[in-house]
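Colleague: Could you walk me through this model and show me how to read its features? I would like the general idea each time, then the case at hand.

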Amino acid sequence: MKNMNKRNFAGNLVRALMASLLACIAAPVLAQVSLDDITFASLPGEQFQIDLRFSDTPPKPDIFAIDKPARLTIDFANTRNNLKERRYPLSFTAADSATVLEAQGRTRLVVNLATAVPYTRSVKGNVLSVVVGDRKSTRLNSSHVKRSRM
């Protein structure tokens, strides 16, 4: 009977250790931040804003710009992509589309730009905002020109 108790104890101990190990491995995956929403808004000048809403505090992104072809790429490590769409057509002077992809635990936003332009970023709560474009430029198009009748 003593041998049986020792076996049960050893078996229970092994199962408990395996469960603890599994919990330690799975915890980072379960706690992973997700990208839940994305919005685009026009700003004055030739600027636009991208708001990325996360399930928790946004991870610090790796951001890099490419001149040819002009692109702004924003990488988020350990982030799931919960967006329903993959491609977002844009109608801004500075950009024509954005694509969001997920691979190997990373989520990447690629913004296809007309030309290389400056950008700034800020975080407020669970939202990372990226302002793209040059605010000094105030090129007018016909929809912004007020015409008077004589």
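Colleague: In what order do the elements of the chain run from the N terminus on?

Modeller: They run α-β-β-β-β-β-β-β-β-β-β, that is, one helix and ten strands. Helices (H or I, at least four residues) and strands (E, at least two) are DSSP runs, numbered from the N terminus. Please note that this is a predicted model, in which local features need pLDDT of at least 70 and side-chain atom pairs count only at pLDDT 80 or more, while totals for chains, interfaces and linings use all residues. Residues are numbered from 1 along each chain as its sequence is written, and side-chain values use heavy atoms, with hydrogens and water left out.

Colleague: How do I read a sheet, and which strand order does the open sheet have?

Modeller: Strands of a sheet pair through backbone hydrogen bonds, either parallel or antiparallel. Two strands count as paired if DSSP finds at least two bridges between them. Here an open sheet of five strands has the order β3-β4-β8-β7-β6, with antiparallel pairing. Its edge strands, β3 (62-66) and β6, each pair on one side only. On average, neighbouring strands of this sheet are turned by 15 degrees against each other, direction ignored; axes are lines fitted to C-alpha atoms, for helices over the stretch in contact, and angles run from 0 to 180 degrees between N-to-C directions.

Colleague: How many bridges join β3 to β4?

Modeller: Five bridges join β3 to β4 (residues 71-76), and A65 has L72 as its bridge partner in β4. The loop between β3 and β4 holds P69, which a cis peptide bond joins to K68, with omega about -10 degrees.

Colleague: What do β9 and β10 form?

Modeller: They form a hairpin with two residues between them, and G125 in the turn has a positive phi of about 65 degrees. Strands β9 (residues 119-124) and β10 (residues 127-132) run antiparallel and are joined by six bridges; T120 is partnered by V131 of β10.

Colleague: How many aromatic pairs does the rule give?

Modeller: Rings of Phe, Tyr and Trp (its six-membered ring) pair if their centres lie within 6.5 Å; planes under 30 degrees apart count as stacked, over 60 as edge-to-face and the rest as tilted. The count comes to three aromatic pairs. Among them is the stacked pair of F48 and F92, 4.5 Å centre to centre with 5 degrees between the planes. This pair links distant parts of the chain, 44 residues apart: F48 is in strand β2 (residues 47-54), and F92 is in the loop between β6 (87-89) and β7 (95-103). F48 is buried, with a relative accessible area of 0%, and F92 counts as buried at 18%.

How values were computed
Buried means under 20% relative accessible area, exposed over 50%, partly exposed in between (1.4 Å probe, protein chains only).
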